[in-house]
Amino acid sequence: MTGPVVVPPVVVPPVVVPPVVVPLGTVPPGEQVLPGHVVVSLLSHGRRMDTYDAHDLDRGCRSVVKVLREDRRNEPRVVAATRREGEVLATLAHPHLVRCYEVHDEPPALVLEVLGGATLAALVEDEPLGLADTAGLGLQLVSVLGYLHRHDWLHLDVKPANVVVDAGRVTLIDLSLVGRPGEGRPGAGTRGYLAPEQARGSGLGPATDVWGLAVTLVEALTSELPHGDEATWDSRRRLPLLHRRAPRPPRLPAALVPDDVRDLLLTCLRTDPAARPGLDDVRRVLEPHAHA
Ligand SMILES: Nc1ncnc2c1ncn2[C@@H]1O[C@H](COP(=O)(O)OP(=O)(O)O)[C@@H](O)[C@H]1O
Ligand SMILES: [Mg+2]
């Protein structure tokens, strides 16, 4: 009698599975991020919010779901800010403001229309825009910022990453820092873009968004931030530096930027918010250049 055949184990080399980079706490494709919203892909893993491209089962279309990050849901200030973003977007409607379909409380989240095109940040990364295009997008931003201001809201994070451009049409997104005029949390804003009064956290007003608009337009025209690394009020080091001299004015070559636009942008970037022009002045200067 022969014993059972002993089959030697076959040594299979381990299959190398490339690591899938799914940030911790985010929802993988195919799962519901909110009831009725199935993740297609993660668009952005921000400091506070995760933003997804998702199938919207009720509407039978794609939508964008912006949800408070799991690891920040126990911070009352951040939860309140997300609720405020939902409240403002759900109560206001404007052709150049992203549309909000739903606001959720648990988890704090928004469901937004899907915008085509690209962010202005992506557009200007390689190549600046011409004057007419920049003026055209500036006018659209003036329109939507004026609307927010008439409703007593400030955007407080106007920058190319929060502006979506699709075939010349501009949509302002990301109201995560939206607030009322007056006091704010010192340093709230994006480094390189926030106005001096945002660094201080006092004296916020429509002029604060005029500053953000001007920074955005300078970046559109030059692909550079107006103050480069010299933004003395940058949000991390701001307080000890607030009293230093203002940074050098941005470089705006005469060949690219006519005198009136240059003067406008420089006055929009005055350290004192009271010295900056209003949105109507910005519109008056930009208008003739948009149709050139
Ligand atoms: N409605 C939308 N349609 C298309 N893309 C969007 C939309 N909303 C946001 N995004 C993309 O997701 C990114 C993050 O969204 P944003 O609202 O700016 O969130 P955060 O508060 O994290 O900055 C944007 O820069 C943009 O690329
Ligand atoms: Mg943003």
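**The shell around ligand 1**

Mentor: Strand 2 (37-45), strand 3 (49-56) and strand 4 (61-68) each contribute at least two residues to the shell around ligand 1. Strands here are DSSP runs of E with at least two residues, helices are runs of H or I with at least four, and both are numbered from the N terminus. The model is predicted: local features need pLDDT of at least 70, side-chain atom pairs count only at pLDDT 80 or more, and totals for chains, interfaces and linings use all residues. Residues are numbered from 1 along each chain as its sequence is written, while chains are lettered from A and ligands numbered from 1 in the order in which they are written.

The shell holds 18 residues, of which Ser 44, Gly 46, Val 64, Leu 115 and Asp 174 come nearest; a residue is near if its C-beta atom, placed from the backbone, lies within 6 Å of the molecule. By class, nine are nonpolar, six polar and three charged. Ala, Val, Leu, Ile, Met, Phe, Trp, Tyr, Cys and Pro count as nonpolar, Asp, Glu, Lys and Arg as charged, and the others, Gly among them, as polar. Domain 1 (32-112) and domain 2 (118-290) each supply at least three residues of the shell, with bounds from an automatic or database domain assignment.

Three strands form an open sheet in the order 7-8-9, paired antiparallel; pairing requires at least two DSSP bridges. Strand 7 (118-119) and strand 9 (169-172) are at the edges with a single partner strand each, so one side of each has no neighbour in the sheet. Strand 8 (residues 163-166) joins strand 9 over four antiparallel bridges, and Val 165 stands opposite Val 170 in strand 9.
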